[in-house]
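Me: I have a structure to read and would like to go through it feature by feature. Please show it first.

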Amino acid sequence: MFIDSTPSNIRRLSSFDRFRFSCHGGLSCFNSCCANKHLPLTPYDVLRLKNALGMHSDDFLSRHTLYNVDPGTGFPVVAIRMEDDPGRTCPFVSVRGCTVYADRPTSCRLYPLARAVSARTGGEVRKEFYYLLDAPACLGTREDPVRTVHEWVADQELGMYLTLNDRMVDFVLRVKTSLGRPLDERALHKVVVALYNLDVFRDFVASTNLLDALNTEEYLRRRVHHDDLSLLELGLVYLRRALVS
Ligand code: SF4
Ligand code: SF4
């Protein structure tokens with residue numbers, strides 16, 4: 001979602017720009033786009049999906065994701081592992097559509113839009129823009145209704161997804177600035193556990209004195225054992241302490 005990873009010839013959309021789109025089972029392209037995609041997952045995407053599927057985070061990550069390391073930052077880039085079939089279908093698609101629809105990841109919610117965030121080197125998120133993805137085979141882009149970007153973001157319940165994504169952008173840039181180099185193997189492992197493998201992180205928290213060592217506030221201390229969002233919050237506190245000087 002960084003500004004410099006977007007194509008140069010796109011038309012930037014503001015919140016009040018309008019576009020036409022509707023996706024439904026009556027279209028001949030239905031389900032065709034849920035395959036052969038690079039679908040990156042934020043920590044919040046992983047949290048929602050593994051809970052929707054009732055899976056331990058370790059099982060979810062090893063069964064449904066793969067990850068690369070971003071060479072510039074050393075941070076993991078986690079993505080959905082497409083099935084090993086000829087069409088490389090998404091593991092969550094069925095003849096009736098997306099089986100994890102209520103918890104589908106950010107990029108699926110945003111579609112047919114994509115969003116870019118520009119940020120200062122110091123790690124301060126500054127501004128965002130949206131653009132329409134180039135998808136000539138998507139018949140939904142010819143369907144009514146016409147909506148504004150703002151209406152689409154609200155309709156797709158993207159608020160929490162985007163807020164947490166922007167906190168991650170901010171965090172990655174702060175770490176990059178502070179370290180002056182990409183994460184090493186040890187730091188990478190800490191990031192994967194504290195942000196993506198939350199059920200393992202929960203066991204780590206329970207078996208160590210981490211809460212005391214971080215002077216964890218009472219409201220967070222009470223919640224981390226049963227609330228994944230609070231655990232993710234603690235993960236950021238822990239990593240900030242470990243990686244940002
Ligand atoms: S190609 Fe477009 S309209 Fe067709 S299923 Fe995918 S998102 Fe919906
Ligand atoms: S998560 Fe759902 S919407 Fe996204 S690609 Fe997979 S099946 Fe399609």
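Me: Which residues are around ligand 1?

Reply: This is a predicted model, in which local features need pLDDT of at least 70, side-chain atom pairs count only at pLDDT 80 or more, and totals for chains, interfaces and linings use all residues. Residues are numbered from 1 along each chain as its sequence is written, and chains are lettered from A and ligands numbered from 1 in the order in which they are written. A residue is near a molecule if its C-beta atom, placed from the backbone, lies within 6 Å of it. Around ligand 1 these are Cys23, Leu27, Cys29, Phe30, Asn31, Ser32, Cys33, Tyr111, Cys138, Leu139 and Gly140.

Me: How many residues of that shell are nonpolar, polar and charged?

Reply: Ala, Val, Leu, Ile, Met, Phe, Trp, Tyr, Cys and Pro count as nonpolar, Asp, Glu, Lys and Arg as charged, and the others, Gly among them, as polar. The shell around ligand 1 has eight nonpolar residues, three polar and no charged.

Me: What is around ligand 2?

Reply: The residues there are Cys34, Leu39, Cys90, Phe92, Val93, Cys98, Val100, Arg104, Pro105 and Cys108. Nine of this shell are nonpolar, none is polar and one is charged.

Me: Into which domains is the chain divided?

Reply: Domain bounds come from an automatic or database domain assignment. Here they give domain 1 (3–157) and domain 2 (172–243). Their centres, taken over C-alpha atoms, are separated by 26 Å.

Me: How many residues of each domain are in contact with the other?

Reply: Two residues are in contact if their C-beta atoms, placed from the backbone, lie within 7 Å. By that rule, 20 residues of domain 1 touch 18 residues of domain 2. On the domain 1 side, α1 gives the most, with four residues; helices (H or I, at least four residues) are DSSP runs, numbered from the N terminus. That side divides into 10 nonpolar residues, nine polar and one charged.

Me: Which residues have the most contacts inside the largest nonpolar core?

Reply: A nonpolar core is a set of buried Ala, Val, Leu, Ile, Met, Phe, Trp, Tyr and Cys residues joined through C-beta atoms within 7 Å. Buried means that 20 or more other C-beta atoms lie within 10 Å of the residue's own. The largest core has 44 residues, and those with the most contacts inside it are Val46, Leu113, Ala194, Phe201 and Leu231. Helix α5 (residues 159–179) gives the most to this core, with six residues. Domain 1 (3–157) and domain 2 (172–243) each supply at least three.

Key. A residue is buried if 20 or more other C-beta atoms lie within 10 Å of its own, exposed if 12 or fewer, and partly exposed in between; C-beta atoms are placed from the backbone. Helices (H or I, at least four residues) and strands (E, at least two) are DSSP runs, numbered from the N terminus.
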